[in-house]
Amino acid sequence: MAAFAIVMMVCLVIIHGGQCKGLFNAAEALHKAKDAENGDVGTDVKAFNVLDYGAKPDGKTDTSINFRRTFEAACNFHGDAMMVIPEGEFLMGPVLFSGPCSNPSLLIIQVNGIVKAQSNMAYYRGGGDDTDWITFQAIDGLIVSGRGTFHGQGSQVWGFNDCARKSNCVRLPATLKFIKVTDAIIRGIKSIDPKGFHIMISMSRNFRIFSVDLQAPGDSPNTDGIHMSKSDLVKISKTVIATGDDCVSMIHGSTNISIKKVICGPGHGFSIGSLGHYDDEADVSGIIVKNCSLRETDNGVRIKTYKTDSPSKASGIIFQDLIMTRVRNPIIIDQEYGNTKYSQPSKVRISDVHYINIRGTSASKVAVDLLCSASNPCQGIHLDNVNLQYDGPPNDDMPFSSNCRNARVAYHGFQSPPPCR
């Protein structure tokens with residue numbers, strides 16, 4: 001976890017058009033993001049308002065081209081710049097905001113209006129695999145901040161989601177996608193009813209997500225709150241996530257991820273995986289989930305892998321100081337996820353996983369369920385002071401218990417449910 005201390009002052013020398021962005025200071029960037037919410041960024045920052053580029057805040061006129069032109073003007077400005085989305089309601093189809101940008105410091109996107117997605121799926125060719133709603137790509141230094149809302153109008157298209165029936169389904173578009181983005185702050189914004197994921201991060205580094213509010217019904221399909229892959233140094237804090245799938249999901253190549261003071265529920269909890277889904281997956285390591293609460297979620301903290309011959313590793317994982325309220329599966333490792341028809345065991349190696357100070361209530365009688373691979377048993381699983389009590393149907397006569405298979409577990413301190421025998 002030493003990388004988290006190092007990143008507080010990382011000198012990433014980034015050259016764009018002869019300008020050096022130089023030192024990235026996370027604390028200063030967070031303060032700047034807070035100021036940007038109110039537009040208090042100083043006279044040296046040039047504002048590029050979407051209204052000046054023809055966007056109409058009537059909620060009916062498509063403003064996609066106006067937003068793109070505003071971004072391009074701000075991104076290509078050889079000075080400090082802020083793209084302004086003022087109060088009002090803006091209708092927009094899929095848009096790509098692509099760098100590299102020419103600004104000497106972080107480009108600011110101030111969001112104080114309501115941005116609504118086009119609901120017609122004809123706008124999103126190929127679904128989310130080809131076209132997400134709002135994509136930020138190849139940008140070094142970005143702030144997205146404000147009191148505004150991104151409304152995905154997902155309720156009008158969730159019926160097209162067939163991932164529960166098809167393993168090779170086409171995912172629906174994410175609301176905000178960040179790909180190849182470095183040194184980014186996402187602060188204060190709200191996302192409602194995405195078609196697919198609320199926020200998707202891939203091939204990115206050095207992200208801060210702070211005081212964000214992500215909302216969707218508990219039965220909305222595949223609406224992960226924050227989904228990440230192949231990304232390093234991501235910090236999520238003081239955020240509320242109520243959605244229909246994982247509150248935070250970390251798949252292959254997620255490293256040095258910190259999740260703290262996050263409220264989750266409804267949803268499927270905090271998930272590592274699914275892993276073993278693709279060939280040549282990068283390992284997952286350096287994950288910490290701490291000081292979070294989960295209420296009436298399907299899972300608490302979960303590691304899930306497919307039964308395939310795709311090898312990778314998941315290690316260096318800490319789940320600490322978590323409060324669970326009527327969570328169905330509070331602590332779960334599932335290495336038979338999704339494809340139980342296959343006889344081969346998962347090739348993903350899970351090791352060095354710590355569950356520390358986990359307390360609250362379980363809606364199921366099996367509160368700790370560690371189902372590991374027969375060919376690659378889980379190594380170095382530690383449960384330290386787990387205090388979970390049953391709070392489910394009163395007519396369930398099963399004992400409150402733990403279940404362990406192919407797992408080497410060490411216990412420390414108080415344990416409820418009782419340890420595996």
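Q: How far apart do the C-alpha centres of domain 1 and domain 2 lie?
A: The model is a predicted one, and its protein chain is divided into domain 1, made of 34-157 together with 173-245, and domain 2, which covers 250-420. Between these two domains there is a contact that takes 20 residues from domain 1 and 19 residues from domain 2. The distance between the C-alpha centres of domain 1 and domain 2 is 31 Å.

Q: How much area do domain 1 and domain 2 bury between them?
A: The size of an interface is often given as the accessible area lost when the parts come together. For domain 1 and domain 2, 53% of the buried area is on carbon and sulfur atoms, and the area that the two bury between them is about 1,600 Å².

Q: Which element gives the most to the side of domain 1 that touches domain 2?
A: On this side of domain 1, β19 (226-229) and β20 (232-242) each supply at least two residues. The residues of the side divide into seven nonpolar, eight polar and five charged. With eleven residues, the element that gives the most is β20.

Q: Phenylalanine 136 and phenylalanine 178 form an aromatic pair; how many residues apart in sequence are the parts that the pair ties together?
A: The count of aromatic pairs comes to ten, and the pair of phenylalanine 136 and phenylalanine 178 is stacked, at 5.2 Å centre to centre with 5° between the planes. Because phenylalanine 136 lies in strand β12 (residues 134-145) and phenylalanine 178 in strand β14 (residues 176-187), the parts tied together are apart in sequence by 42 residues.

Q: Which residue meets aspartate 132 in a salt bridge?
A: A search of the whole structure finds 14 salt bridges. Aspartate 132 lies in the loop between β11 (114-117) and β12 and its partner in strand β14, so the pair ties together parts that are 45 residues apart in sequence. The side chains meet at 3.4 Å, N to O, and the partner of aspartate 132 is lysine 177.

Q: What is omega for the cis peptide bond that joins glycine 99 and proline 100?
A: Most residues other than glycine have a negative phi, and most peptide bonds are trans. Proline 100 has its place in the loop between β9 (95-98) and β10 (107-111). For the cis bond that joins glycine 99 and proline 100, omega is about 5°.

Q: Where does lysine 230 lie?
A: Lysine 230 is not a glycine, although its phi is positive, at about 45°. Its place is the loop between β19 and β20.

Technical notes:
Residues are numbered from 1 along each chain as its sequence is written. This is a predicted model: local features need pLDDT of at least 70, side-chain atom pairs count only at pLDDT 80 or more; totals for chains, interfaces and linings use all residues. Side-chain values use heavy atoms; hydrogens and water are left out. Domain bounds come from an automatic or database domain assignment. Contact means heavy atoms within 4.5 Å. Buried area is the accessible area (1.4 Å probe) that two parts lose on being put together, summed over both. Helices (H or I, at least four residues) and strands (E, at least two) are DSSP runs, numbered from the N terminus. Ala, Val, Leu, Ile, Met, Phe, Trp, Tyr, Cys and Pro count as nonpolar, Asp, Glu, Lys and Arg as charged, and the others, Gly among them, as polar. Rings of Phe, Tyr and Trp (its six-membered ring) pair if their centres lie within 6.5 Å; planes under 30 degrees apart count as stacked, over 60 as edge-to-face and the rest as tilted. A salt bridge is a side-chain nitrogen of Lys or Arg within 4 Å of a carboxyl oxygen of Asp or Glu.
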